[in-house]
Amino acid sequence: MLVDPITSMWSDRLFQGTLVVLLLAMVFTSLEYAAARVARVARKEPATVGAGAEDTTGTAVEVTEPPADASDGAGDRPTRTRSDRYGRIGVSLMILAVLLHAGSIVLRGLATYRWPLGNMYEFTSALCLMAVGAWLVLVRKHPTLRPAGVFVLTPVLLLMFLTGTVLYAEAAPVVPALQSYWIIIHVTTITLASGMMLVPGVASLLFLIKRNERPAALAAKLPGAEVLDRLAYRVTVFAFPLYTFGIITGAVWAEAAWGRFWGWDPKETVAFVAWVLYAAYLHARATAGWRSSRAAWINSAGFATIVFNLFFINMVVAGLHSYAGV
Amino acid sequence: MSSPPTAPPQPPVTTPDGEPPHRRGPLGTALAFLRNTWRGLTSMRTALVLLFLLALAALPGALLPQRSLNAFLVDDFYADHPTAAPIVEVLGGFEVFASPWFAAIYLLLMISLVGCVLPRSLEYWRGMRQPPVATPRNLARLPHHAAADTTEEPDAALARARGLLRGWRRTERSEPGGVRTISAEKGFLRETGNLVFHLSLIGILLGLAGGKMYGYEGDVIVRADGSEFCNSSILGYDTFRAGLRVDGTNLNEFCVRVDRFAGTWLPNGQPATFGADVAYQSGADLRSGVTSWRPERIAVNHPLRTDGDRVYLTGYGYAPEFTVTWPDGQSRSSDIQWRPVDTSGSQLSEGATKFERPGVEDPEQRRTTQIAVTGTFAPTGAIGPDGELVSVHPDLRAPTADVNVMLGDLGIDDGRGQSIFTVDQQKIDSGELRTVAEDRMGIGDTVRLPDGTTVRFDGVTPWVNLQVGHDPGQLWVLGAAIVMVGGLALSLSIKRRRFWVRVHPSGDGSRIELGGLARTDRAGYGEEFDRLADDLLAPTDKKDG
């Protein structure tokens, strides 16, 4: 049997479940974001008490943290602001979504007896999983980032929606060229790196909004500019070597599959362009006058190039990678 | 491309030349110009601009059809944009990666890289051999700083600091008034990684260039019926792309015999596996006179590797065999390959199998008796909506040929080369070659021409397209690329930072001041500094500065 239809059906159901849970998570992170201002205004009056606590990275979001120390003896459970409660629900839902999503991808692989990254549906789905997963790891390490979750979930949900509709592909075996263990190494690395790059791409855009204070309503509740900038840099610094490794393994595979390790196939070319842009980002971070806004623009352009490579090159331009298309 | 993420700010360009400007002769001016050009070229800003240019210049290579990838798409572009195409051609838009301007950008970038990285490496080499810099007078002005009063004796505090700073390069100094300081520094490997990364980029470029110079690539169609191909000269190939220093002699000699082509397909025609059972004799076998053949299976993702060359299976198709029998009883058979014309993979093919009547010597007569069996071949034939032949499966399930038998002058005596897949259209237009019979044939069917000649469709032989690649640079490129990733990871994960401790003796203990400075990107040093500060100042009241 080439495809197990029952397993494949459950994979699809889990994907749909993931979409629903992510949508709910988005609702709660939006509520968290919307409620943040209320919390801030409410705390405006006794602000003098905690003025010393605001360090250089102090941001609007930090004031959403409960004044737990102040309300000692209020009860066993610390009192939480509404915004905080929404945020926690949002994160829980994201964790649930990651579990469902991982289940969907694993079942896809079991249903087709192959590595489940063989077409654009599977690739984009996994990319979204990596992005949400990366975000959860970051939020765990830096809880102050949490209220920005809605901005990560927005592009992820958009991609997930496209994945489930336009890009959807029935579970099926892949063409001979994709039957290689290199798919596990190359495509997984590229997916991981691309998914992670979504975070700095979004963070850089938010940084620009925050820094220019435009649109002002949006900028007011965002984490501080320095926090966003650092977030973008740290994730990029982690994802960039991974992306480089992914490109190199792609070249090794191409040598075995297509007869040359680099042939300026459209996909290779745009991957090269994205790589050069991220290299430019890292250089810009070390160049006076380019450090902040310009670097952020470059990082956003880098992620835009990755998305362009994923959609436009696969679906519009004919190339060797096109068999991975819809 | 100077060093990446982490350079300290470039020093301002100073001109420490002792020569007063007014005395500068033409030579001096030229030297100054060269020097300024060099400085401009190797500045980080220039490197950034060049990086953008490189990214921008590569994009048309993905968006415009490239001749090296698919010449047919370039022809389509000419047909669709008759005015724009010649302009794009002149600008090198169809050969972006071979164009002089693309080369100019990456060569400038490489020069900029060398000019930026090497001097900096020297600087860091010297820095590494010098003790860490003296403790700044006012530590409170540093980005990271802390201070506290403690009851600890200065010696004890210093000893504890030494313990915490194990693994750091450090030096101790004394200041007036019994004040003692420790300067510590860490993260020199970052520069090493940085240097390794940039140098391996040059390594990759050199490997690529070497491959382009001394490499070659050729394609040859071999019938999968035990036919052989030997890599002995360019003449054996259908197409051959030679490197600049390859003249076609001294190819690595080896022979491949293709015994069988094996493909499996899903019911919907999607290919499941491709492979060719081959046997080969390596160069060593041939030289030592070994006559046995080594069996091997070439498949997608699994080329044959021998003598530093690689043999790939890049395509397959079918060669229908026809036998022409003339009225005088003489007959000739031919099974020349036809080429797949359908990109969907159904292997619908077109071709032209050409015959000359045996025994005809007179040139005039020859030019009226040549026969070409042209048309369409379907491995699994079916009737399309307009009555045309279509192929519904790539495997040989119901081989069918729509033939168009032509008689007359094929033009093969003109001395001009012609494609094995087509007949000369000029001869058809001029009426020297005309259709004399048309029919839809299955295997074993015969079609009769007006003069009594018969054409029989005997059978089908699969063929495979083998691509032979020779690239002496590719292992160098791979090695350089692996080293590059290592250098990159090193330079991005290690932070270069400094840490200072100043201990003032005070009446009942000491006052400890701490300062920290990230020499590279600030991101991430804060936590480490705070941890160190907490540990050092732990037993005391931490008074934040």
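Reader: Which side chains of chains B and A meet in a salt bridge?

Author: B:Arg305 and A:Glu255 do, with 2.7 Å from N to O. Keep in mind that this is a predicted model. Between chain B and chain A the count is three salt bridges.

Reader: How many residue pairs are in polar contact between the two chains?

Author: Twelve residue pairs, taking those with both residues at pLDDT 80 or more.

Reader: Which elements of chain B give two or more residues to the side that touches chain A?

Author: Helix 2 (44-63), helix 7 (189-214), strand 8 (271-281), strand 11 (309-325) and helix 11 (474-493) of chain B. Helix 2 of chain B gives the largest share, twelve residues.

Reader: How is the size of an interface given?

Author: Often as the accessible area lost when the parts come together. Here, the area buried between chain B and chain A is about 4,400 Å². Carbon and sulfur atoms give 70% of that. On the side of chain B, the residues that lose the most area to chain A are B:Leu48, B:Asn301 and B:Leu492. Together they make up 14% of what that side buries. By residues, the contact takes 56 from chain B and 54 from chain A.

Reader: Now the interior. What should I look for?

Author: In soluble globular proteins, nonpolar side chains tend to be buried together. In this model, the largest nonpolar core has 121 residues. Those with the most contacts inside this core are A:Trp135, A:Val156, A:Phe240, A:Tyr243 and A:Trp275. Helix 7 (residues 225-257) of chain A supplies the largest share, 16 residues.

Reader: Which domains of chain B give this core at least three residues each?

Author: Domain 1 (31-127) and domain 3 (213-315 + 468-485) of chain B. The C-alpha centres of these two domains lie 33 Å apart. Chain B also has domain 2 (135-187 + 495-544) and domain 4 (318-462).

Reader: What does A:Tyr243 touch, leaving out residues up to four places away in sequence?

Author: A:Ile190, A:Ala193, A:Ala271, A:Ala274, A:Trp275 and A:Ile306. There is also a second, separate core of 48 residues. Among its residues are B:Ala276, B:Tyr280, B:Val403 and B:Leu449.

Reader: How many helices and strands does chain A have?

Author: Nine helices and zero strands. Of the 326 residues in chain A, 56% are buried.

Reader: And what share of the contacts in chain A join residues at least 24 apart?

Author: The share is 81%, among contacts between residues at least 6 apart in sequence.

Terms used
Residues are numbered from 1 along each chain as its sequence is written. Chains are lettered from A and ligands numbered from 1 in the order in which they are written. Side-chain values use heavy atoms; hydrogens and water are left out. A nonpolar core is a set of buried Ala, Val, Leu, Ile, Met, Phe, Trp, Tyr and Cys residues joined through side-chain atoms within 4.5 Å. Buried means under 20% relative accessible area, exposed over 50%, partly exposed in between (1.4 Å probe, protein chains only). Helices (H or I, at least four residues) and strands (E, at least two) are DSSP runs, numbered from the N terminus. Domain bounds come from an automatic or database domain assignment. Contact means heavy atoms within 4.5 Å. Buried area is the accessible area (1.4 Å probe) that two parts lose on being put together, summed over both. A salt bridge is a side-chain nitrogen of Lys or Arg within 4 Å of a carboxyl oxygen of Asp or Glu. A polar contact is a pair of N or O atoms within 3.5 Å; within protein, one must be able to donate a hydrogen and the other to accept it, and residues adjacent in sequence count only if both atoms are side-chain atoms.
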